[in-house]
Amino acid sequence: MNLKVDDFISNAKKWQPEMKQLRQWLLDCGLTEEFKWKTPCYSFQGNNVVLIGSFKTFCALSFFKGTLLQDTNGILSKPGENSQAVRFFKFTNLLEIQEMQTIIKNYVYEAIEIEKAGLKVQFKSNTELELVEELQNALAKYPSLKTAFEALTTGRQRGYNLYFSGSKQSKTRENRIEKHIPRILDGKGINDCTCGFSKKMPSCDGSHKYIRVEKS
């Protein structure tokens, strides 16, 4: 048992009993307990299998390769429309978890077998990335933008597409795209540093907020 997980659960404002129960079952299944991304993480032979998550309205058990699980009970959810791998259980009380003990453990054991077999999630390639309509229109309108966007890594392309598609209003999506055209043309991802002072290059760590520009 990991001491950082002890602290995480004991200091949690909600879902302590639920997380304690999930934790015990994951350890019973033979997983190794770690603390990653500020949350309890459970692995098998060095490979991440599942996370325990604490949220405002629910606690969750998230499988890294959930899309490979058979989900014969049809109870796994996607964390987002563009999620290709992660699937999760969502719980709102301890009784609900306890009633699902057998099901939860079966899913965990299946996830372990996936790791033993060395199975991998087949992510969509660049050509299979379904771009939001407004971005498609912008790329068609500006050849130089299309060239720059296609030169970005898959992750950066997905990052932009996910951000642009996050708004329900077409006008807002168009405004977001227009605002980020200079970054795309400069070969930068949506979370990349542009000021050059980040200590986490190429990612942005917020250093630009502290740069003082002298007024002439």
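Start at Gly189. Leaving out residues up to four places away in sequence, Gly189 touches Arg156, Tyr160 and Arg183. Gly189 sits in the segment after helix 8, which covers 170-185. Is Gly189 buried or exposed? The relative accessibility of Gly189 is 1%, so this residue counts as buried. There is also a C-alpha distance to note here: Gly189 and Gln157 are 32 residues apart along the chain, and their C-alpha atoms are separated by 7.6 Å.

Please keep in mind that this is a predicted model.

Now the chain as a whole. The protein chain has 8 helices and 5 strands. Read from the N terminus, the order of elements is α-α-β-β-β-β-β-α-α-α-α-α-α. The chain has 216 residues, and buried ones make up 38% of them. If you take the contacts between residues at least 6 apart in sequence, 53% of those contacts join residues at least 24 apart.

Next, a pair of helices from that list. Helix 5 and helix 8 pack with their axes 9 Å apart, at an angle of about 45 degrees. The crossing of helix 5 past helix 8 is right-handed. Which residues make the contact? From helix 5 they are Glu134, Leu135 and Ala138, and from helix 8 they are Ser170, Arg173, Glu174 and Ile177. By class, the residues of this contact divide into 3 nonpolar, 1 polar and 3 charged.

Glu134 is in helix 5, residues 133-141. With neighbours within four places in sequence set aside, Glu134 is in contact with Ser170, Arg173, Glu174 and Ile177. What does the side chain of Glu134 make with the side chain of Ser170? The two side chains make a polar contact, at 2.7 Å. As for accessibility, Glu134 has a relative accessible area of 9%, and the cut-off for buried is under 20%, so Glu134 is buried.

For contrast in accessibility, go to Lys120. Lys120 lies in the loop between helix 4, residues 101-116, and helix 5. The relative accessible area of Lys120 is 57%, and exposed means over 50%, so Lys120 is exposed. Lys120 still has contacts beyond its sequence neighbours: not counting residues up to four places away, Lys120 touches Lys65 and Leu68. Lys120 and Lys65 are 55 residues apart in sequence, with 7.8 Å between them in space, C-alpha to C-alpha.

The last stop is at the other helix pair I looked at. Helix 1, residues 3-10, packs with helix 2, residues 16-28, at an angle of about 155 degrees and with the axes 9 Å apart. An angle over 145 counts as roughly antiparallel, so that is how helix 1 runs relative to helix 2. On the helix 1 side, the contact is made by Val5, Asp6, Phe8, Ile9 and Ser10. On the helix 2 side, the residues are Gln16, Met19, Lys20 and Arg23. The residues of this contact divide into 4 nonpolar, 2 polar and 3 charged.

Conventions: Residues are numbered from 1 along each chain as its sequence is written. This is a predicted model: local features need pLDDT of at least 70, side-chain atom pairs count only at pLDDT 80 or more; totals for chains, interfaces and linings use all residues. Side-chain values use heavy atoms; hydrogens and water are left out. Helices (H or I, at least four residues) and strands (E, at least two) are DSSP runs, numbered from the N terminus. Buried means under 20% relative accessible area, exposed over 50%, partly exposed in between (1.4 Å probe, protein chains only). A polar contact is a pair of N or O atoms within 3.5 Å; within protein, one must be able to donate a hydrogen and the other to accept it, and residues adjacent in sequence count only if both atoms are side-chain atoms. Contact means heavy atoms within 4.5 Å. Axes are lines fitted to C-alpha atoms, for helices over the stretch in contact, and angles run from 0 to 180 degrees between N-to-C directions. A crossing is left-handed if the near helix is turned anticlockwise from the far one by less than a right angle, and right-handed if clockwise. Ala, Val, Leu, Ile, Met, Phe, Trp, Tyr, Cys and Pro count as nonpolar, Asp, Glu, Lys and Arg as charged, and the others, Gly among them, as polar. Angles under 35 degrees count as roughly parallel, over 145 as roughly antiparallel, 65 to 115 as roughly perpendicular and the rest as oblique.
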